[in-house]
Each structure stands twice: as structure tokens, then as C-alpha cells.
Amino acid sequence: MSDSARTFRFSPLDRTGWLLGLSGSQCVAVGAGIFAAGLLLDAGLPIGVALLPPMLTTAFAFASWDRRSLHEWAPTILRYLRLRAIGQLRWSAPLPLLTGTPTDSGRRPPLPPFLTGLAILDAGALAWSPSTIHDGAAVVSDRRQRTLSASVRVRGREFSLIERSEQERIVQLWGDALAGFCTERGPVSRIRVTEWAAPGGAAERARLTSASPVSSDHDAARSYDELLAEAGPSAIRHEILVTLTVDQRRIRRRDTSRPDSAAGIDTLFEELRLLTSRLEGAGLTVSPPLSARETATALRLRLDPQSADPIAVRGASLAELAGLLNVHSATPLATESTWGRLRADGAFHRTYWVAEWPRLDVPPNWLEPLLLYGGGVRTFALHYEPVPPSRSQRRIDRDSTRLAADEEQRARTGFRVGARHRRAQTAVAEREAELVAGYAELEFAGFLTVSAADEETLERSCAEYEQAAAQAGLELRALHGRHDLGVVCALPIGRGLAERRWA
């Protein structure tokens, strides 16, 4: 490796808090305990009784469980208990055969609670994409967050095998492609990249065997079938989808006679066209926007990977041409959410949030240990949120002022200023220098969803992927109690993160 080889650095997560490193919830909890103790003492109660509230609030603020403080667990536990009380941890779709519900194509498919408000719409042909004339382009509408999303399939060269300088160039061009959305009052609210990997499956082996002219009873045919069965688990299928999301509240309508949805769809596909041209300029192969059938298939495979073989078989038949693989097949018929996993039809899922990115400078191919590991079915999702330059400057000023005030407070009260605090100050200074130099800023978050056919396989695959992530320098944190929301983050849709920064 030459001395001029470029490396990349991730800024640490901001954990400075309000006062002396304490977060807002910790400060409020401690203050409430002291205030309650004062009220009890003023009422003439014994000191032992008066000290009880401060002891409880202090334990709430500083005690930890499973590497997280109790005050961080509180929202998750309350949400889980609320869903359990109202019976939303288990869900099953009403069957038309039993309920008499009409099955016409215009009826929206039933959705589990964590997908309520989503709909797959057919936007028709696009002028800049001739391949969509027959199938049409799909739009995922989210009525809850008022967003519209569309996806394209992206393929690249063998990134691990090309020269280091070429890897650096591709990474730079990828950053330039995303930086185009960091404008003032831009309509694009999110860009999501989902990389789905799964074994090749039995359907592909079955098609290869059935295509052979040799009889299945022949010794050569049996040997060939055994070879395919042994090589099948090592044959990993990868699919990368880039999903673009626009916020309908940010769209400027030029023609007031058209409905909001039509203006939003036009804006969405115009932004997607610009993104496609930038990605192709970076040397990537970009497919036309996914059709409604392709979007439904992508959702189905991520929610229930066990359906890959039946879908592959139907995809080679007249069922696909007849439109039997439609939006009604995209979502599961039954879900069950527990503390440690989510079950959707025949698949079990567990989602991890990337709580810590590499702390050392990394090369362009630093994520290979995770992406190239073939331990089972998984989806690695990256969420990007463009930050306008003015908002980025305000955040830098706010973070710099808070870090300086926190350092001064620590020095005045005798607390030590640690290396993490120094690194956070350095990261803010680097962000400001990059912004002044003309670089854009994007907020990002990473999620890893592991899927399996049974709980035993899920536990084994999760342990393997945790080790693979550690080799890449990632610290994973399981989203216990929120795996239904975690699975949503792995789907090619616009929903998943809150309006503000994920924390």
C-alpha cells in the first residue's frame, strides 16, 4: 500500500449530554428525585422516606442493563407493554374466504400494524425509462409520514478485486452522487440502500436439474444433483436496491390544478432520474425503476425469505405474466412480535442497530468481512438524510458551543476531560472545515436484519454475523422490543427512522 492511499474516518456519536456528560433524561430524573425529597422533608416525613425518591431516580438515571441505561430502556419497555396490552403483538390478516371480503384488485391488501398506511401504486410508464412502458414504475406511498418512494436495482463491478485507487474513486463518486441532494428546501428527505443476501435456493437447483436431458435415474444425474446440493449453500445471491424518498410537504407545486400526489410522483421520478445519471457516471449499472410486481417481490423476499423458491418457480411460469404476483402478495398474512425477534409468516427476524462505527481510519473496502460473509439470510441497510448547508452550519455552531461549555464546566468542577470529548471536538472542527471547503453533510444510520426459518438457526446466524460485524469494526446493538420497527428499516420503503436524528 502506498503512503498516498486514502483512508476514511467516521465521526463519533455525540454523547456529551446537557451537563457533565449527563443526558437530558438523566438530568430531569435526578432533578425530579431531589425535588420530591425536598417536598417530603418539608411535609415532615422521616429522612429514610425522603431519600427513597432520589435513590430510585438515581438508579433510573445511572443503572444499566444489557449495555444500556435504564432511562434509555424506558421508552422501549413502555411501548412494548402498550402493544401487549392492546393485543398488537400478534396480528393475522382476515381471509376473504372466511370473511367474505371482496378480492378485487382495487382493494388494498391487509397490513400488519408496523406497515399500516403503506400502499404500492402503479405510476405508469416513464418518458426517460423505455423499459417501464410495459410494466410501469411503482411508487410506495406512506400516508402516515406523507412520503413517496421509488427504488432502482444497482449493480457494480467486483469492488474487492479492483485496484485500491479505483476503489477510492468509486467511493468518491458515490459521495458526489448523494451530495446532490444536500440543497436548501430540497424535496428528497431520505436515501436508503439495502443489500440483501441469501443462499441461491432450491428452486435454481431444481431448474438446472430439470433442464438436463439426462434421466434423473442415471448415475451422472444423481451425482450432478448431489454436487448442486452441496454447492447450493455457498452460492450467495446479492441484491442491492437504492430507494429514494421525497416529502410531499416540501414539494413546490407549479400547477395548482393537479393533485398533490401527481406533483409528488413527478418530483420523485425527476429526482430519481438525476440520481440514476449520477450513479451511471460513477460506473454503476442501474436498472429502470422497479415495477409494482418487482417491488412486491422485493418486500416479500425480505419479509419471508422462505418464499424465494415458490416465487422463483412462479416467476418462470404464466403466473407472472398473468399478474398473480401483485401487491397483495407483498405483505405477510400473520406476524408475531416478541422481545427478542419478529416472526412474519415462516421467517424469524432480528434487527441490529449499528451503535458504533469504526474508530480507526479505514480503507474503501473496510465492510468486506460483513458483506461477503455467507452465514445465512441478512439485509444490511444504510439510511441517509441530506442536511442543507444552513442547517449543517447551525448544528456545527451548536455542537461546538456545547462542547466548549461542557469542557469549561468539567474544568471548573474538577471533572476530567477525556479522550472521547477531545475526539468529539476534533470531529466538529473537521466537519466545519469540510463544510467551508464545499463538501455536503449527510446524516446516516446502519441496520442489520438477520432472518432464518427457525429460532435455533436465527440464534446461530446472529452470533455469526455479530462476529463478522466486529471484524469490520462495527458494534451492533439488538433492537429488543422494537424488532418490528427494525424490520421496516430493512425494506425498500421510505419509513423507518423518525423525523429527527436516530438515537
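Guide: In this predicted model, a residue is called buried when its relative accessible area is under 20%.

Visitor: Is Cys-182 buried or exposed?

Guide: The cut-off for a buried residue is under 20% relative accessible area. Cys-182 has a relative accessible area of 9%, so Cys-182 is classed as buried.

Visitor: What is the relative accessible area of Cys-489, and how many disulfides does a search of the whole structure find?

Guide: Cys-489 is also buried, its relative accessible area being 1%. A disulfide is a covalent bond between the sulfur atoms of two cysteines. Across the whole structure, the number of disulfides found is zero.

Visitor: How many of the residues lining the largest cavity are charged?

Guide: The largest cavity holds about 60 Å³ of space. Its lining consists of Phe-10, Ser-11, Pro-12, Leu-13, Glu-356, Trp-357, Pro-358, Arg-359 and Arg-423. Five of these residues count as nonpolar and one as polar, while the number of charged residues is three.

Visitor: Which strands each supply at least two residues of the lining of the second largest cavity?

Guide: The second largest cavity has a volume of about 40 Å³. Its lining includes Arg-190, Ile-191 and Arg-192, together with His-383, Tyr-384 and Glu-385. The strands that each supply at least two lining residues are β7 (188–199) and β13 (377–387).

Visitor: How many residues in the lining of the second largest cavity are nonpolar?

Guide: Among the residues lining this cavity are also Thr-245, Ile-493, Gly-494 and Leu-497. Three residues of the lining are polar and three are charged, and the number of nonpolar residues is four.

Terms used: Residues are numbered from 1 along each chain as its sequence is written. This is a predicted model: local features need pLDDT of at least 70, side-chain atom pairs count only at pLDDT 80 or more; totals for chains, interfaces and linings use all residues. Side-chain values use heavy atoms; hydrogens and water are left out. On a 1 Å grid over the protein atoms alone, a cavity is a set of points where a 1.4 Å probe fits but cannot get out, and a pocket is an open set with protein on both sides within 12 Å along at least five of seven lines; lining residues have an atom within 4 Å of a point. Grid points are joined across faces, edges and corners, and a volume is the space filled by probe spheres set on the points. Ala, Val, Leu, Ile, Met, Phe, Trp, Tyr, Cys and Pro count as nonpolar, Asp, Glu, Lys and Arg as charged, and the others, Gly among them, as polar. Helices (H or I, at least four residues) and strands (E, at least two) are DSSP runs, numbered from the N terminus. A disulfide is a pair of cysteine sulfur atoms within 2.5 Å. Buried means under 20% relative accessible area, exposed over 50%, partly exposed in between (1.4 Å probe, protein chains only).
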